Structures are given as structure tokens and as C-alpha cells.
Amino acid sequence: MNLIKHIGSYLLLMRAVISRPDRWRIFFQRLKTELYTIGVDSFGIVALVSLFSGAVVAIQVAYNIDNPLLPKTLIGFSTRQMIVLEFAPTMVSLILAGKVGSSIASEIGTMRISGQIDALEIMGINPANFLIFPKLVAAVFINPALIIFGMYIGIIGGYLIASFTNLLTPDEFISGVQLDFESFTVFYSLIKTAVFAIIIVTIAGFQGYIVSGGSIQVGKASTKTVVYSSVLIILFNLLLTQLLLT
Amino acid sequence: MIEAKNISKFFGETQILEDISIRFEKGKNNLIIGQSGAGKTVLLKCLVGLLEVDAGHVDFDGRNFSSMGFKDRRAIRKELGMLFQGGALFDYYNVEENVMFPLNMFTHQHIEEKQQRVNEVLKRVNLENANKLFPGELSGGMTKRVAIARAIANNPKYLFCDEPNSGLDPKTANLIDDLIVEITEEYNMTTIVNTHDINSVLIMGDNISFINRGKLSWQGNKDTILIDDNDELNAFVFATELTKRLKK
């Protein structure tokens, strides 16, 4: 019963979020700030995670392909496929659920308990739209860019393994990366990323928006955001993979 | 003028406000007083529409606010300013941006006009050199003054103040009270102040409504409050050691 009530509240909030902004100029100002906060500030962590993931994937594939009949280029091919299809969109989105999601939940939760949301409402402004919509639009646009960046860095991670170990040569790795490339795999990843971005921002916005009480509740809202959005990302990952790849 | 007509409010099974009718006059400081938990804040939230009333209605100059939808309420909300207990300044904006916010949202003024208005109201609240400070850098009194400046920036017809001098030292509290009295007169606003501070009551109380256990228990002004024989009111007014001694 409580779950149904929460889903209902979430949907009502989303109806308020997805509406025409009161002032487009203010919306674009806030969008610019959110693009920076959600996107630019996350490039570092995405680069770090992607670089090491790409390197680890390359080593693991090399470890599992010890049959002399299989060409070494397969390591580059498998690394690319794993990074593009799964590691970049899903793993990076899970990291962003922790970094961006918890930050949004605490920001909006703190605004709720300090009366800033009430202040917006009394001024006749739709607070849900004013606060959450720019974050949602920013995440839907910038997260795919982060994931593309993550893909490149992940492949560079694999290339560095090829360069500094004797598992394969850099040329073999590059040939593998270029082998049988289907652009749809990138498109599939971008669709997943956009859906995950919607999950991260709306769950975080909802958890922050419904906070009541004090700082402990704000902390709990952040934790719930990370847990719920991670679970939903994993569920939607399966759903979208089934829908788009079979 | 704002009128609360037969307002009742329940939280679950508990009745918080019971059949409250009050008329808040234009150009005057209308005070809602009562001890903590009496229902003052709930009443204020019902008046501004942050809480929906379960019975009765609120009229803003004859316009039934309680039965309006979001769009109609929005038109009235543009005409009101509110000073929150903690100030409720937007953390990501500096003082100037906070005060300019209602102008950005509701006017089509040129940036220079808005800047001029911001400087005017900041000067009015004696904060001339604080434009670029962020809320975290302000003292309690400064925060309240910025909140007042933001509330009056768009020339509101109605001003709501929730515990305007809570957490302030007596001298700063007096300054805030004086400021509210002055701007109410200057802008000819309907001002509603929610307080439990007797000093504020004696400075500002043109019209006073005493709420006790969710009911309107007494109405009067700063001249009659000290001489009335309402026991519940006297227990509230003469609760501090200072007021007890003064009474003796």
C-alpha cells in the first residue's frame, strides 16, 4: 500500500516537474549551471573508472583467451564490445547515481527543511519544475556525453595494457577495436544512458522533495536515492537489453 | 484586507485549528500570538496556501483564495511577500540575486531597473554593502533583513512574517520589528506577523489575535493586551519573570 502511495506521489511530482518553465531565461541559466554541476564535475571520476575498467577488461579477456587458434585481435574486439555495451553505460551510471543522485537529494532535501521550497511556492513558482526540470534536462543531455567519453577512455585503458604488457601488441588491439563495428551498439548504450539519467534525477528529486524533519532525514533521502536508483538501473538495464538487443 | 472565515484544520484525527475567523486590516500590523504548539504556524500556512483548510476559507480582498486553482492562486501569490523564520534565502544565490529573484520571475524590467530596485530595498533595510555576500556569510539579523528586502522587492500588497525575530538578540529584534512597522506603513500593506515575543507585540500590535489550543481566544491591540482579564491571555503575556515583576 505504501509502495503504491509512493509511486502515486512520484508520478504527481513528475507531472509538476515536466511542465513549461515560468521563465525560459531563468531555466536556461539554471540549465547551464546544472550542465556544469552534473556533467563537467563528473568527467574526472568517469575518466578514472573507465580507464581502469578498460584495462581490467582487456587483461581478463586476454586471460580467458589462451587458445592459439583464436586471434589476439579478439581481445581488442571483446574489450570494445564489453565497454560499449555494458561497462560505460551501466557502470558509469551506477557511479553517477552515487555522485549526482545523492547530491541532488541532499540539495533539494536541505531546501525543503530550510523553507526554501515553501518560499518558492509562496511566490507562486512551481518548485518541482524550477528545481528538478533543469537537472533532468541537463542529465539527459550530458550523461550520454559522459558515457561516450567513458567509452573512449575505457578503450584507451585497454590500449595501455596492450602497450605496456606482452599480452598483445597495440596494433592487434587497435585492429580488434575496429573489427566488425556496429554503430547500433553505441546508439543502444546512449538510449540506456538517457533512461538511467531520468531514473537518477527523478528518484533523487523525489526523495529530496518529500523530506520532512531534519538533517538525519536528508541523509536518509540521499541513501535511499542511491539504493533505489541503483536497483532501478539494474532492472531497466535488463529490460532495455531484452527490448533492444533481441 | 485578508479574512479568515471559519477555518478548521485537522492533521489525521487531531484538530489543530477550530473555527477561526479573523479579519486582517490593510495598512496595519496584524499579529497572531500564542504559545508554541497553539496552531499559529498552521494558521499562517493555511492563510498563504501552504496547507489546505479542511473547513472555511481565506479571502484576499474579497477573492476566495481557498477555492482557487494553482493559476489563480499564482496571481495572488505575486502580490504577497513572506518572511520565513529562518529567512529561507536561496543558498546558491548571493544577497543581490536573492532580492532580485522575484523581479526576475515576475517582471519584465530591464536589468538596470532591477538593479536599482534591489539597491533601493537593500538600502531600506540598512544593508547597502552586502550585495555580493552569500547567505552562509550573513549573521541572523542580516539574514532577516535580506529576507525582508526580498519580500518587499516586488511591492507586495500582503506581507506575512513567521517569527520575524526568533533567534535574535533583543536589540536586533527591535530593529527588525521597527522595520516591519515602518515598511507596513510606507507600502500600505496588510501585514500579518506570527510571534510569541511580547516585546514585538507591544511594538507592532495594531490588531492582535490570541490563539490558544487551536481556537481564537482573544482579540485586541497593544493597548488592551496588558489590561484584559482573559486568564489564558494573562498566563501567556505574564509568563516571563520580567513581565511578572512589571505586573506587580
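1. Helix packing in chain A. In this predicted model, helix 4 (residues 73-113) and helix 6 (residues 127-164) of chain A have axes that come within 8 Å. They cross at roughly 145°. The crossing of helix 4 of chain A past helix 6 of chain A is right-handed.

2. Residues in that contact. Helix 4 of chain A contributes, among them, A:Gly76, A:Ile83, A:Phe87, A:Pro89, A:Leu96 and A:Ile108. From helix 6 of chain A come residues including A:Leu131, A:Asn143, A:Leu146, A:Met151 and A:Ile155. Three glycines of helix 6 of chain A also take part: A:Gly150, A:Gly154 and A:Gly158. By class, the contact has 14 nonpolar, 6 polar and 2 charged residues.

3. The side of chain B that touches chain A. Here 14 residues of chain B are in contact with 13 residues of chain A. Helix 2 (70-77), strand 6 and helix 3 (95-106) of chain B each supply at least two residues of this side. Helix 3 of chain B gives the most, with 3 residues. The chain B residues divide into 9 nonpolar, 2 polar and 3 charged.

4. Strand 6 of chain B. This strand covers residues 80-83. In a regular strand, side chains alternate between the two faces of the sheet. B:Leu80 and B:Met82 point one way, B:Gly81 and B:Leu83 the other. Are these residues buried or exposed? All are buried.

5. Its partner strand. Which way do strand 6 and strand 7 (residues 158-162) of chain B pair, parallel or antiparallel? The pairing is parallel, over 4 bridges. B:Leu80 stands opposite B:Tyr158 in strand 7 of chain B.

Technical notes
Residues numbered from 1 in each chain as written. Chains lettered and ligands numbered in written order. Predicted model: local features only at pLDDT ≥ 70, side-chain atom pairs only at ≥ 80, totals over all residues. Buried ≥ 20, exposed ≤ 12 C-beta atoms within 10 Å, placed from the backbone. Pairing = 2+ DSSP bridges. Contact = placed C-beta atoms within 7 Å. Nonpolar A, V, L, I, M, F, W, Y, C, P; charged D, E, K, R; others polar. Axes fitted to C-alpha atoms, helices over the stretch in contact; angles between N-to-C directions. Left-handed = near helix turned anticlockwise from the far one by under 90°.
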